[in-house]
Amino acid sequence: MTVQDIRSFNRFYTNVIGALDYGRHLYAPYTLTESRVLYELAHSPRTDAADLRGELSLDAGYLSRILNKFEQDGLIERTPSARDPRRRRITLTAQGRQTAALLDERSRESVGALLATVPADDRPRLAEAMLTVRTLLSSGRPPRREDVVLRDPGPGDLGWIVQRNAALYAAEYGWNADYEGLVARIVADFAEDHDPHLERVWIAELDGRPVGCVMCVRDDAPGTARLRLLLVEPDARGLRIGDRLVEAVVDFARNGGYRDLVLWTNDVLSAARRIYQRHGFVLVAEKPHRSFGADLLGQDWRLDLHGAHE
């Protein structure tokens with residue numbers, strides 16, 4: 001392996017994915033870098049310029065010019081951060097979210113078309129080779145918070161939510177198949193009928209694999225959203241993934257016009273409860289019950305979105 005080998009591969013791969021071919025209109029009217037910044041803003045609900053510089057290794061002046069362009073195009077808003085007045089919080093406008101979604105859709109279609117040229121039997125080899133490259137070039141360093149991205153679910157991800165919830169809660173708490181049935185019904189209801197403006201699923205991805213999830217759905221009570229199925233894989237804990245997923249739900253529910261955000265959990269899920277408390281949820285009711293093959297104490301938590309602060 002030589003430097004020339006890697007440079008040759010880089011030229012090959014950038015050509016394959018169309019990174020330099022604007023005739024494909026993958027990113028137009030934005031550059032690949034600008035599209036990447038939009039992607040990060042769409043998948044990180046609370047972001048400032050310093051976060052973006054660190055995550056993308058961008059020059060401060062270059063990033064500033066990109067953000068100025070986005071602001072002129074009506075894609076972003078910049079406001080003082082409640083956590084640090086010296087920083088400016090950057091959020092996508094409705095037009096910005098639409099633009100990011102369009103670019104993401106184009107990218108998915110392009111990669112899907114590329115993957116379609118690979119025979120099904122060869123796809124595991126391709127996935128293994130890509131993982132090998134990532135692993136070797138990361139120098140064995142442990143995963144970082146900025147390596148985690150939040151994204152919309154792709155094909156198979158809703159099934160993953162059911163499978164991982166069932167497996168994890170059986171392993172960690174001894175819950176039986178009744179819980180898997182509950183999760184399957186929740187996911188199926190979402191898949192069959194949901195309003196994308198008011199309901200959403202997030203997948204947390206690390207090194208190309210899903211490591212967490214959460215849902216925001218409409219509750220029966222008017223003006224109320226419900227947080228459901230928060231999960232983080234054991235080997236990915238400690239990276240604030242749970243906090244980021246809950247932040248995403250809170251921001252989405254607030255921007256969607258909901259007044260309240262509620263959730264139901266059980267007292268044995270102590271790590272999740274601490275996350276909810278950090279984000280301002282208040283315990284409003286408790287009730288013992290026998291479910292999933294265990295005696296549990298169910299808890300209802302509520303967040304007043306009008307009174308919620310960053």
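**Close-up views of a predicted model**

**View 1. Helix α5 and the residues it buries.** Helix α5, which covers residues 94-116, is made of 23 residues and reaches 33 Å from its first C-alpha to its last, close to the 33 Å expected at 1.5 Å a residue. The structure shown in this and the following views is a predicted model. Within α5, the buried residues are G96, T99, A100 and L103, and what covers them includes helix α2 (32-43) and strand β3 (88-92).

View 2. T99 counts as buried because its relative accessibility is 17%, and buried here means under 20%. If its neighbours within four places in sequence are left aside, T99 is in contact with Y30, L38 and L75.

**View 3. The open sheet of β1, β3 and β2.** Three strands form an open sheet in the order β1-β3-β2, and their pairing is antiparallel. Strands β1 (47-48) and β2 (76-80) stand at the edges with a single partner strand each, so one side of each is left without a neighbour in the sheet. Helix α4, residues 60-72, packs on this sheet and touches both β2 and β3, while its direction makes about 110° with that of β2. Five bridges join β2 and β3 in the antiparallel sense, and R78 stands opposite I90 in β3.

View 4. Strand β6 (residues 209-218) is largely enclosed by the rest of the structure, because eight of its 10 residues are buried. Strand β5, residues 200-206, runs antiparallel to β6 and is joined to β6 by seven bridges; the bridge partner of L206 is R209 in β6. The two strands form a hairpin with two residues between them, and in the turn D207 has a positive phi of about 50°.

**View 5. The hairpin of β6 and β7.** Strand β6 also pairs with strand β7 (residues 224-232), in the antiparallel sense and over six bridges. Here C216 has L227 in β7 as its bridge partner. The hairpin of β6 and β7 has five residues between the strands, and G223 takes a positive phi near 75°.

How values were computed: Residues numbered from 1 in each chain as written. Predicted model: local features only at pLDDT ≥ 70, side-chain atom pairs only at ≥ 80, totals over all residues. Heavy atoms only, no water. Helix = DSSP H or I, 4+ residues; strand = E, 2+ residues; numbered from the N terminus. Expected span 1.5 Å × (residues − 1). Buried < 20%, exposed > 50% of the residue type's maximum accessible area, 1.4 Å probe, protein only. Contact = heavy atoms within 4.5 Å. Pairing = 2+ DSSP bridges. Axes fitted to C-alpha atoms, helices over the stretch in contact; angles between N-to-C directions.
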